[in-house]
Amino acid sequence: MKTAIVTDSTVYLPLEELKQYNIHVVPINVHFNHATFEEELTLSVEQFYEIVHTTKEFPKTSQPSIGKFVELYERLGKEYDEILAIHISSGVSGTYDCSLQAAQLVDNVKISVFDSEVAAGPLASYVIEAAKLAANGASAKQILERLEDLKKSLDAYFIVDDLIHLQRSGRLSVTSSVIGSLLQIKPILHIKDKKIAVFEKVRTKRKAVLRVRGLLQQAVETYGELQAVIMHANCEQQGRTWMEKLQTTFPTVHFKLAYFGPSLVTHMGEGTLAISWMKK
C-alpha cells in the first residue's frame, strides 16, 4: 500500500524536509497591490516582509483553487494507492473544503482529507508523523487513527502583539464590543471549535509567556514526554530565547523552532509568538 501525503503551504516546512518525507504541498494565495502570489513558491517570507514594510496596502489571502487540488490528486493517483490530505483548520481557511471538493471529483484514487484544526507548527507535526507512517507502509486509515489519537493531546496558544490584523480579517472569534477592550492588552489566544478565540486576558507579553509555561507544565505532568513547536512572526530571537528557557525547564519536551509564513502573518501580524505541543 502506497499512501501519498498532501498538505498546504501553512505547514511551513523547509524544502529539505518536504523532499525528505515526500510531502506534497498546495500553496495558499497572498494578494498585494492587485498581484497574486503563491505562498512559499513565488512569495517567500522574506519577500513578504519587504513588501509589508514598503507598502500601505493590507495584504489579503485566499485558498487554493479546486483545480489545483484536482490536478495534483490526478497526478498522484497514477503513482499511489491512496492519498491523505492534511490541512489548516477549516475554521480559519477554506482550504480544507476546497481539498474535500476536489477529492470528490477525482476517480482514479482513494482520497481522505483531515482537518487538523490548527496550522503552522502543529500542522507540520501531524504531516511529518503521517509521512513517516506512510513511508513504513501504513494505510490512510491507520494514519488517520494515529492523528486522531494525537489530536487528543494537542494544545496551541498564541501571543499576538497587535489584534488589529485579526480584527480586520475577521479571524478572531469575538464580538466587536469585546475587541475594543482587548486592543490594549496581550490576550492569550487558542483554537476553539476550529477558530481563533481568546483563551485568557493578560496585561503584558511577559505575563502571557509565564501563563503559557504553566499550561505546558500541566501537559508535562499529564503526558510526560511531549513534542513541542515554538513559532514566531519575524521575531526569531525572541522565539529562540523562549525555546531555550523552556528546554532547560522541561527536559522531557522535544522542541523545534518554526516560523509563521505570509498567509498567517497577514492575519496575526509581526511579533506574534506561539507554542503548540502534543504527546510523542
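This is a predicted model: local features need pLDDT of at least 70, side-chain atom pairs count only at pLDDT 80 or more; totals for chains, interfaces and linings use all residues.
Which residues is L264 in contact with, leaving aside its neighbours within four places in sequence?

**View 1. Contacts of L264.** Beyond its neighbours within four places in sequence, L264 is in contact with T10, Y12, E39, I88, A119 and A120. L264 is also one of the residues with the most contacts inside the largest nonpolar core.

**View 2. The largest nonpolar core.** This core has 27 residues. Those with the most contacts inside it are F48, F158, L166, L189, M231, F260 and L264. At least two residues of the core come from each of β3 (29-32), α2 (45-52), β8 (155-159), β11 (226-232) and α11 (262-268). A second, separate core has 25 residues, including L84, A124, A140 and M278.

**View 3. Helix α5.** The helix covers residues 120-135. Its 16 residues should span 22 Å at 1.5 Å a residue, and the end C-alpha atoms are 22 Å apart, which agrees. Of these 16 residues, 13 are buried, so α5 is largely enclosed by the rest of the structure. Just after the helix, G137 takes a positive phi of about 90 degrees.

**View 4. Surroundings of E82.** E82 is in strand β6, which covers residues 82-87. Because its relative accessibility is 6%, and buried means under 20%, E82 counts as buried. Not counting residues up to four places away in sequence, E82 touches M1, K2, T3, A4, V109, K110, S139 and A140. A polar atom of the E82 side chain lies 3.2 Å from the backbone nitrogen of A140. A140 is also among the residues of the second core.

Terms used
Residues are numbered from 1 along each chain as its sequence is written. Side-chain values use heavy atoms; hydrogens and water are left out. Helices (H or I, at least four residues) and strands (E, at least two) are DSSP runs, numbered from the N terminus. The expected span of a helix is 1.5 Å times one less than its number of residues. Buried means under 20% relative accessible area, exposed over 50%, partly exposed in between (1.4 Å probe, protein chains only). A nonpolar core is a set of buried Ala, Val, Leu, Ile, Met, Phe, Trp, Tyr and Cys residues joined through side-chain atoms within 4.5 Å. Contact means heavy atoms within 4.5 Å. A polar contact is a pair of N or O atoms within 3.5 Å; within protein, one must be able to donate a hydrogen and the other to accept it, and residues adjacent in sequence count only if both atoms are side-chain atoms.
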